[in-house]
Amino acid sequence: MKVINATDLVDEVRMVKSEEELKLHREAAYLHEMSYNLAKKAIRPGRTVAEVMAEIRYAQLLAGSEEQQFGISFGQPGSGHYSQSSWGNTFIRRTFKEGDIVNLLIESSAAGGYWYDLRRFLCIGKVPEELQEAHDILKESRSIMAKNLKPGTVPGVALDASDQVLKSKGCPPEGRVGGHGQGLDLVERPLIHRDEPAKLEAGMVLSLHPTAQTKRAMSSMADTYVITDSGAVPVYKNLFDDDEIAVIG
């Protein structure tokens with residue numbers, strides 16, 4: 001018996017999504033819009049991360065979600081931050097406090113099994129100037145990355161363009177992959193990485209999650225996009241446009 005490695009063939013079939021699959025990704029986006037709006041109300045002084053996660057998970061289950069994943073890091077500006085995720089057994093007893101910066105990650109699949117990737121920063125009270133500075137740089141680098149994710153190019157071109165923005169602002173280049181494909185798996189090919197050989201095609205769905213690290217702060221965001229002839233565009237613009245640092249509590 002001859003065994004053939006068909007990984008590249010299978011990846012090629014999976015990477016370009018059908019209209020039905022794109023519809024299911026949009027359903028996942030609606031789920032995350034609901035979840036983010038809930039998180040803005042649920043995260044407040046005196047509550048624990050576990051309480052917030054339980055509230056969001058329950059709402060997602062009622063909405064038909066098949067798998068729910070969350071990560072929340074939080075703490076005061078200039079100090080070490082606490083971190084808790086739904087895939088571990090860590091339980092942080094320290095409650096949210098006035099002045100906390102909250103880094104929220106929601107990665108869940110909707111009914112049908114397709115994913116969305118959402119990361120946002122929130123502040124309980126005033127947004128620190130240094131965080132806003134990093135966030136503005138992040139948005140610029142993300143925009144450049146998306147515009148350069150065009151059919152016929154390799155993802156490394158977009159990563160290089162984004163890194164040029166970061167370095168021009170005094171930030172280090174991206175320290176991890178700038179994003180990755182999504183579908184029935186949370187992480188699929190193509191990767192937004194210089195070693196990714198697959199050329200982009202219209203209809204590919206990718207999560208973009210660049211990071212901007214200044215000398216004083218760090219900001220990161222994540223959203224899910226679809227490749228078009230003009231570059232990567234958000235799967236769901238309403239959620240994508242809600243991309244400022246939210247003031248809550």
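Two strands pair if DSSP finds at least two bridges between them, and strands (E, at least two residues) and helices (H or I, at least four) are DSSP runs numbered from the N terminus. This is a predicted model in which local features need pLDDT of at least 70, side-chain atom pairs count only at pLDDT 80 or more, and totals for chains, interfaces and linings use all residues. Residues are numbered from 1 along each chain as its sequence is written, and side-chain values use heavy atoms, with hydrogens and water left out.

**View A. Strands β3 and β4 side by side.** Here β3 (residues 101–109) meets β4 (residues 115–124) in the antiparallel sense, over nine bridges. Look for Leu104, which stands opposite Arg120 in β4.

**View B. The open sheet.** Five strands follow the order β2-β1-β3-β4-β12, with mixed pairing. At the edges are β2 (82–85) and β12 (246–248), each pairing on one side only. From one strand to the next, the twist averages 20°.

**View C. Strand β7 and its partners.** Strand β7 (residues 205–208) pairs in the antiparallel sense with β5 (residues 179–181) over three bridges, and Leu208 is the bridge partner of Gly179. Strand β10 (residues 223–228) also pairs with β7 in the antiparallel sense, over four bridges; here Leu206 has Tyr225 as its bridge partner. Both faces of β7 are covered: Val205 and Ser207 on one side, Leu206 and Leu208 on the other, are all buried (under 20% relative accessible area, 1.4 Å probe, protein chains only).

View D. Most peptide bonds are trans. The bond from Arg189 to Pro190, however, is cis, with omega near 5°, and Pro190 lies in strand β6 (residues 188–191).

Methods
Buried means under 20% relative accessible area, exposed over 50%, partly exposed in between (1.4 Å probe, protein chains only). Axes are lines fitted to C-alpha atoms, for helices over the stretch in contact, and angles run from 0 to 180 degrees between N-to-C directions.
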